[in-house]
Amino acid sequence: MNINRIPIKTIVAALAVAAIPAVALAAPGSSPAPQTSATTTATCPSGWGSLPEANARMVQSPATGVRTGRHACFDRLVVDLQGRAPGYDVRYVSNVTQDGSGFVVPLRGGAKLQIIVRAPSGKPFKAPDVRGYDTFRQVAYAGSFEGQTTVGLGVRARLPFRVTTLTGPGSSSRLVVDVAHHW
């Protein structure tokens, strides 16, 4: 092809068309293709449910405290123990009651999780402040009686949860309850 014989106007027009972004050629009212990013959005775990989870193992390791944490997809409650990982019974209930007395433990939230740790606690522990959490509304110590400790957890709604036990650091262990932000 002899470029010297193509009129300048044609060359300029061809270059102008090639420079038009593909978005400008889209149909009116349509939006451009989404931009891709090098960062990946966190994928939330699935397969959790809202039915009771239990393990009957009793331990002598005392529960020493409760702490909480916020994550991208769930809120976490951790019960710390000195020694072996305990058994547990975690379930949604109408009301959480104090061990021994049976008195109702008032909890904020649309649903209540009763967390029974199959281990004693030497003394009542301070409930963590969960203001600003996505799912948690209130944590309350409900007592320790006959070798088990109960914690009440008020949550926003009856959302899926999972329960795990972890060993360490050292000879200590932890009972972990994660409650999802969404179904």
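Is C73 buried or exposed? Buried: its relative accessible area is 11%. Keep in mind that this is a predicted model.

C73 has a bonded partner. A disulfide joins C44 to C73, with 2.0 Å from S to S. For the record, a disulfide is a covalent bond between the sulfur atoms of two cysteines. The torsion about the S-S bond is -80°, and the link of C44 and C73 is left-handed.

Where do the two ends sit? C44 lies in the loop between α1, residues 8–19, and β1, residues 53–55. C73 lies in the loop between β2 and β3. The two cysteines are 29 residues apart, so the pair links distant parts of the chain.

Now compare accessibility. C44 is partly exposed, at 43% relative accessible area. The cut-off for buried is under 20%. C73, at 11%, is therefore buried.

On to the sheet. Four strands form an open sheet in the order β2-β3-β11-β10, paired antiparallel. The edges are β2, residues 63–70, and β10, residues 161–167. Each has a single partner strand, so one side of each is left without a neighbour in the sheet. From one strand to the next, the twist averages 20°.

How many bridges join β2 to β3? Seven, and the two strands run antiparallel, with β3 covering residues 74–81. Within that pairing, R70 stands opposite D75 in β3.

Note on methods: Residues are numbered from 1 along each chain as its sequence is written. This is a predicted model: local features need pLDDT of at least 70, side-chain atom pairs count only at pLDDT 80 or more; totals for chains, interfaces and linings use all residues. Side-chain values use heavy atoms; hydrogens and water are left out. Two strands pair if DSSP finds at least two bridges between them. Axes are lines fitted to C-alpha atoms, for helices over the stretch in contact, and angles run from 0 to 180 degrees between N-to-C directions. A disulfide is a pair of cysteine sulfur atoms within 2.5 Å. Buried means under 20% relative accessible area, exposed over 50%, partly exposed in between (1.4 Å probe, protein chains only).
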